[in-house]
Amino acid sequence: MENYSETLITPSKIKQMVPSGISIGIGDDFFISRLQEKPQYTYLRYPFRVDCYLAAYCVEGSVDCSVNLTDYHLTTGTLLLITPGNIVKITQPDELDQNLRVTLLCVSASYLASVGINPSKFLMEAVEVLRDPCIHLSDDETGLLHKYVNLALDITKADSQFIKESIGGLISSVFYQFAGFLANSKRRQDMETPVRTTRQRQMLEQFIKLAINDHAQEHMVAYYADKMCVTPKYLSRIVKETSGRSVPEWLSELLILDAKNMLRHTNMTIKEVSASLNFPSQSFFFRFFKNHTGQTPTQYREE
């Protein structure tokens, strides 16, 4: 079995993969590039786990890749969206299309938080990314994406005192645009989606809306199943089949997002954070947080 943990890709490592082209970046906060030549082979020989939000737009040519062991073929006009933790592999790194040109946008989760973006607001869009991380953009959407990239490059040339803050505002806007691209893509797909699949997706969306509202107090599958008038077993099956994640995984994701936000951006004690999220004890919260992040709440707060 291939080891995915040794190659953890951050914005700064993405920068090392890009041999040429027009690019900007600040450490592990973000990196934007127009890739003119194929990336270095070293980083692409094995699967790598992404530790940032990554968008790759295929301007020209094509490339084969896998995301979480599912194969995809990217062609001109395709936008690939990757969220933290996903496993990515270029399936033919030594035979990349010589005409391949890609625009890359990589942003760390911590930088997104610093510019006011809460990923939990995009959970509905995240469902679509989990189902299919590839979106084929319309000409208008492509033009808009290019304008954002050009503006980001122009801002860095201005030698302003507030480049990082300016880019942060721009990236915040880009994320909302990506949400719009996903919504447009979903509408186009719904026109061709069988009723049964649409019903499953509607159930998933209903569950996620409930989870967003109630996850801080309600951690059990049975609560959400009761609210939706279905059995816990049926809800679990539909959520897993439609999103690729289980009900507990969705609830854990929301709880961790809230916990991280409270630990980083409030003066609440760890005991207060635990109580706010309705954990039975502070020690239970410690174990839960460490199991999902690899750090204790104290370590995360002091990082």
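Is R101 buried, partly exposed or exposed? R101 is partly exposed, at a relative accessible area of 31%; buried stands for under 20%, exposed for over 50%, and partly exposed for what lies in between (1.4 Å probe, protein chains only).

## Basis

The model is predicted, so local features need pLDDT of at least 70 and side-chain atom pairs count only at pLDDT 80 or more, while totals for chains, interfaces and linings use all residues. Residues are numbered from 1 along each chain as its sequence is written, and side-chain values use heavy atoms, with hydrogens and water left out.

R101 and E60 form a salt bridge through their side chains, at 3.3 Å from N to O. The term covers a side-chain nitrogen of Lys or Arg within 4 Å of a carboxyl oxygen of Asp or Glu. R101 belongs to strand β10 (residues 101-107) and E60 to strand β5 (residues 53-60), so the pair ties together parts 41 residues apart in sequence. Strands (E, at least two residues) and helices (H or I, at least four) are DSSP runs, numbered from the N terminus. E60 is partly exposed, with 34% relative accessibility.

## Other salt bridges

The count of salt bridges comes to three. One of them joins R237 and E241, whose closest N and O atoms are 3.4 Å apart. Both residues lie in helix α8 (residues 232-243), where their spacing of four residues amounts to about one helical turn. R237 is partly exposed at 37% relative accessibility, and E241 is partly exposed at 48%.

R245 and E253 also meet through their side chains in a salt bridge, at 3.8 Å from N to O. R245 has a relative accessible area of 21% and counts as partly exposed. E253 is partly exposed too, at 31%.

## Helix α11

Helix α11 has 12 residues (282-293), and at 1.5 Å a residue it should span 16 Å; its end C-alpha atoms are 16 Å apart, which agrees. The expected span is 1.5 Å times one less than the number of residues.

The buried residues of α11 are F285, F288 and F289. Seen down the helix axis, the buried residues fall within an arc of 95°, so they line one face of α11; the arc is taken from the directions from the axis to the C-beta atoms. An α-helix has 3.6 residues a turn, so residues three or four places apart point the same way.

The cover over the buried residues of α11 includes α9 (247-265), α10 (270-276) and α12 (297-302), where contact means heavy atoms within 4.5 Å. Just after α11, G294 has a positive phi of about 80°.
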